[in-house]
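Let us read a protein model together, one feature at a time.

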Amino acid sequence: METEQLLKSFRKKPLFEAAGLPNHLDYGQHDIARIIPHRSPLLFVDRLVGLDWENGLLAAKRTVSPDDPVFSGHFPDYPVYPGNFTVESIGQAGLCLHYFVVNKRADIGADARPVQLRATKIAGALFIEPIRPGDTVTFLVKKLSFDGYFASIIGQALVNGTVSVVTIGEVMLLED
């Protein structure tokens, strides 16, 4: 399916129901930092909550702090979480999904280490509803492809079940 068509088809409905995922997770930022290279203040996923590694699906959460300094400039009279940070958040959830899919498991192994990568493409993004201070955001990500070198996902950010952002992105995975 063409990128624009795929994005539009998921601008109103969730990619999947997080509650229906077969593996319920409770991994926080300490665990997440074991499998992706991001760190505070740019680690934008608080918790991994659900997984179906066989079908390439993951659900994650983040509560956007009202005290986040980004709101003082974006925008002072109408604070909105930046769209590029939301796209980055979705990408980070996608990297977490990649760990589970590649390792064919629902747990984080003792030998886990952050994946080395370079972002290569944002194929598209639709910004539908604002994310505001204090919102709890659910990220839904779905694997689209992985050829051993490039990985792509479609993902959404939802607030109270309503799609705020949908995006498709790609990364290049680097060898050690």
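Q: How many of the 176 residues count as buried, as a percentage?

A: First, a caution: this model is predicted. A residue is called buried when its relative accessible area is under 20%. In this chain of 176 residues, 47% count as buried.

Q: What secondary structure does the chain have?

A: Count the helices and strands. Here there are three helices and seven strands. Then read their order from the N terminus: α-β-α-β-β-α-β-β-β-β.

Q: Which share of the contacts joins residues at least 24 apart?

A: Look at contacts between residues at least 6 apart in sequence. Of these, 67% join residues at least 24 apart.

Q: Why look for nonpolar side chains together?

A: Because in soluble globular proteins they tend to be buried together. Now the case here. The largest nonpolar core has 40 residues. Ile35, Leu48, Leu58 and Phe100 touch the most other members. Several elements give two or more residues to this core, including strand 1 (23-27), strand 2 (47-52) and strand 5 (136-146). Helix 3 gives the most, with nine residues.

Q: What does Leu58 touch?

A: Set aside residues up to four places away in sequence. Among the others that Leu58 touches are Phe16, Leu48, Ala93, Phe100 and Val141.

Q: Which residues belong to the other core, of 15 residues?

A: Phe10, Leu57, Leu126 and Leu158 are among them. This core lies apart from the largest one.

Q: Where does Lys143 lie, and how accessible is Lys143?

A: Lys143 lies in strand 5. Its relative accessibility is 36%, so Lys143 counts as partly exposed. Now compare sequence with space. Lys143 and Leu57 are 86 residues apart in sequence, yet their C-alpha atoms are 6.6 Å apart. Beyond its neighbours within four places, Lys143 is in contact with Gly56, Leu97, Val101, Ser152 and Ile153.

Technical notes
Residues numbered from 1 in each chain as written. Predicted model: local features only at pLDDT ≥ 70, side-chain atom pairs only at ≥ 80, totals over all residues. Heavy atoms only, no water. Helix = DSSP H or I, 4+ residues; strand = E, 2+ residues; numbered from the N terminus. Buried < 20%, exposed > 50% of the residue type's maximum accessible area, 1.4 Å probe, protein only. Contact = heavy atoms within 4.5 Å. Core = buried A, V, L, I, M, F, W, Y, C linked by side-chain atoms within 4.5 Å.
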